[in-house]
Amino acid sequence: MKKFWPTIILLSLWRFFIGTRHGLGVDESHYVLYGLNLDWSYFDHPPLIGWVQSVFLFIFGKHEWSARIPAILCGVLSSYLVFRFIKKISQSEETAFWSTLALNFSFLPSALWIMFLPDTLLFILALWLLEILDHILSRENKWDWIQLGVCLGLAGLSKYTAVFFIISVLGVAFTEKAWKKIRPLWFLVATILGGVLVFPVFYWNMKHQWISFSYQTSHVMGSTHFSLERFSVFLLGQIMAYSPFLTLAGIWGIWISRKNLTQTMRIALWIATPTFLFFTYTSMKDEVLPHWTLLSWGLIIPLGISLGISRGRHFKWPVVASGVVLVFVMAELSLQFLKFPPYQSPYADLVGWASLHGEVQAIIEKEPQGNFAIAVPNWTLGGRARFYLGDLAPVFVIDDRFDQYDLWEEGQKKAPDLLVLSWRGFDLKPNNTKKCKQIEPVISRTFSINGSPVNSVQITWCRGYRWQPDL
């Protein structure tokens with residue numbers, strides 16, 4: 001542990017510094033709104049991320065950096081649990097350190113320990129589930145069954161794909177011949193605990209015509225057309241997002257050790273595999289975002305690296321190579337020294353919103369009636385608009401997609417005049433333009449880094465907007 005804690009603390013402080021340098025992104029701003037609008041559940045995800053976020057927003061206030069603290073703390077806890085897992089199977093602190101370092105040098109986990117997403121929480125629960133199942137198979141302890149119920153319940157409150165944990169548990173029970181370990185009473189207690197904890201999701205859906213389940217089902221079904229091209233893009237994206245050095249080394253380490261896997265290792269693979277196989281299948285039908293497989297690669301990479309090191313292979317080199325790349329990326333995120341071609345910067349979604357507050361306020365103060373609202377033409381802008389500008393006026397998303405923003409907007413007065421913020425690539429669609437009696441351009445702003453334009457916004461008055469249904 002002598003090298004572990006100084007390294008993890010240093011990386012966490014660096015992530016915190018990066019978090020103070022950038023505005024909120026599309027997804028993280030959406031989940032910050034969960035914390036600012038507490039509910040039993042939400043349209044697209046269960047509520048746990050919002051509940052956790054609300055604690056930090058309450059303690060530290062509504063800031064970009066305070067919204068990122070839970071992600072950074074999750075990184076610390078995840079690293080500790082991985083270190084403990086690898087130390088147990090390798091009996092070596094050195095191997096555990098390098099394996100945990102591999103996870104921290106994997107590109108996407110490092111990003112998710114700055115931006116707080118549901119997958120960040122689910123990964124911690126996957127590591128906890130690994131420990132619980134290992135304990136149930138190795139000892140007689142009623143407390144393990146209580147932990148199992150709590151863990152599965154919290155997982156159900158984190159993300160809908162936690163349902164694959166049930167497959168993992170059943171897989172372990174069959175392959176490890178664990179049926180004799182089951183105690184009916186404590187199995188029932190675990191089931192009841194899990195059901196009680198996840199009940200808010202069902203309660204909210206009962207009140208909202210089961211819209212979350214319909215939405216998730218449409219994701220699962222996807223297109224009826226299978227595409228090998230989409231699958232290839234998914235596979236390449238996974239390898240690159242989690243570092244080609246580490247993904248390939250992790251898989252290779254597990255493969256060459258496949259005949260010598262211990263019970264704990266097999267449990268880890270039972271937790272990692274169902275989620276990965278599911279998204280591999282759905283990638284042939286629909287888009288799969290790279291971070292959805294965090295818990296899979298978060299287990300495969302450190303496990304594979306540890307097995308390679310334990311067999312005397314040169315598996316520290318992939319960790320070093322990935323670390324060099326990641327340190328360069330983190331340095332760029334900290335200092336922004338690279339100059340990207342116009343409107344091709346990776347910072348496009350992260351700039352401009354905070355600096356607009358004063359200008360939007362000045363525009364609004366010139367309106368004598370005060371019968372207006374702020375609007376954005378696409379749901380991906382809704383989170384930032386509400387976080388950065390929601391204190392100035394009601395905010396509406398005026399696209400044709402039904403989602404959580406429509407639920408939040410139900411109690412808001414539909415004003416006749418809209419101050420529309422049309423960001424680059426998200427102009428008002430013709431069907432919305434036709435609903436405006438009059439359009440009055442106000443200002444346009446371009447945001448640059450190192451002299452190169454990154455993003456731009458056009459602010460326009462849409463007078464006499466015709467809502468459907470009419471006012």
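In this predicted model, K316 and E94 form a salt bridge, with their closest N and O atoms 3.7 Å apart. K316 belongs to helix α16 (residues 316-335) and E94 to helix α5 (residues 93-105), so this pair ties together parts that are 222 residues apart in sequence. A salt bridge is counted here when a side-chain nitrogen of Lys or Arg is within 4 Å of a carboxyl oxygen of Asp or Glu, which means that 3.7 Å qualifies.

A search of the whole structure finds 14 salt bridges. One of them joins the side chains of R139 and D144, with an N to O distance of 2.7 Å. Here the two partners fall into separate accessibility classes: R139 is partly exposed at 35% relative accessibility, whereas D144 is buried, with a relative accessible area of 0%.

Another salt bridge is found between the side chains of E176 and R266, again with 2.7 Å from N to O. E176 sits in the loop between α9 (164-175) and α10 (184-207), while R266 is part of helix α14 (residues 263-282), so the pair ties together parts that are 90 residues apart in sequence. E176 is buried, with a relative accessible area of 17%, and R266 is partly exposed at 31% relative accessibility. The value for E176 can be read against the cut-off, because buried means under 20% relative accessible area. Salt bridges can also join up into a group: E367, D417, E440 and R463 are linked in a network of them.

A disulfide is a covalent bond between the sulfur atoms of two cysteines. The structure holds 1 disulfide, formed by C436 and C462, whose sulfur atoms are 2.0 Å apart. This pair links distant parts of the chain, 26 residues apart: C436 is in the loop between α20 (430-433) and β4 (438-449), and C462 is in strand β5 (residues 452-463). The torsion about the S-S bond of C436 and C462 is about -105 degrees, so the disulfide is left-handed. Both cysteines are buried, C436 with a relative accessible area of 10% and C462 at 1% relative accessibility.

C74 and C151 present another picture. The closest cysteine sulfur to that of C74 is in C151, and because the distance is 14 Å, it is too far for a bond. C151, likewise, is in no disulfide.

The strands come next. Strands of a sheet pair through backbone hydrogen bonds, either parallel or antiparallel. In this model an open sheet of 5 strands has the order β2-β1-β3-β5-β4, and its pairing is mixed. β2 (395-397) and β4 are the edge strands, each pairing on one side only. From one strand to the next, the twist averages 25 degrees. Strand β1 (residues 372-376) pairs with β2 in the parallel sense over 3 bridges, and V376 has V397, in β2, as its bridge partner.

Helices lie across this sheet. Helix α17 (residues 353-365) lies across β1, β3 (417-423), β4 and β5, and runs at about 155 degrees to β3. Helix α18 (residues 382-389) lies across β1, β2 and β3, and its direction is at about 175 degrees to β2.

For the protein as a whole, the secondary structure comes to 20 helices and 5 strands. The C-alpha atoms fill a box of roughly 75 × 50 × 50 Å along the principal axes. A compact globule of 471 residues would have a radius of gyration near 23 Å, and the 24 Å of this protein agrees with that. Of the 471 residues, 53% count as buried. Finally, among contacts with a separation of 6 or more, 75% are between residues 24 or more positions apart.

Terms used:
Residues are numbered from 1 along each chain as its sequence is written. This is a predicted model: local features need pLDDT of at least 70, side-chain atom pairs count only at pLDDT 80 or more; totals for chains, interfaces and linings use all residues. Side-chain values use heavy atoms; hydrogens and water are left out. A disulfide is a pair of cysteine sulfur atoms within 2.5 Å. Helices (H or I, at least four residues) and strands (E, at least two) are DSSP runs, numbered from the N terminus. Buried means under 20% relative accessible area, exposed over 50%, partly exposed in between (1.4 Å probe, protein chains only). Two strands pair if DSSP finds at least two bridges between them. Axes are lines fitted to C-alpha atoms, for helices over the stretch in contact, and angles run from 0 to 180 degrees between N-to-C directions. Contact means heavy atoms within 4.5 Å. The radius of gyration is taken over C-alpha atoms; the globule rule is 2.2 Å times the number of residues to the power 0.38.
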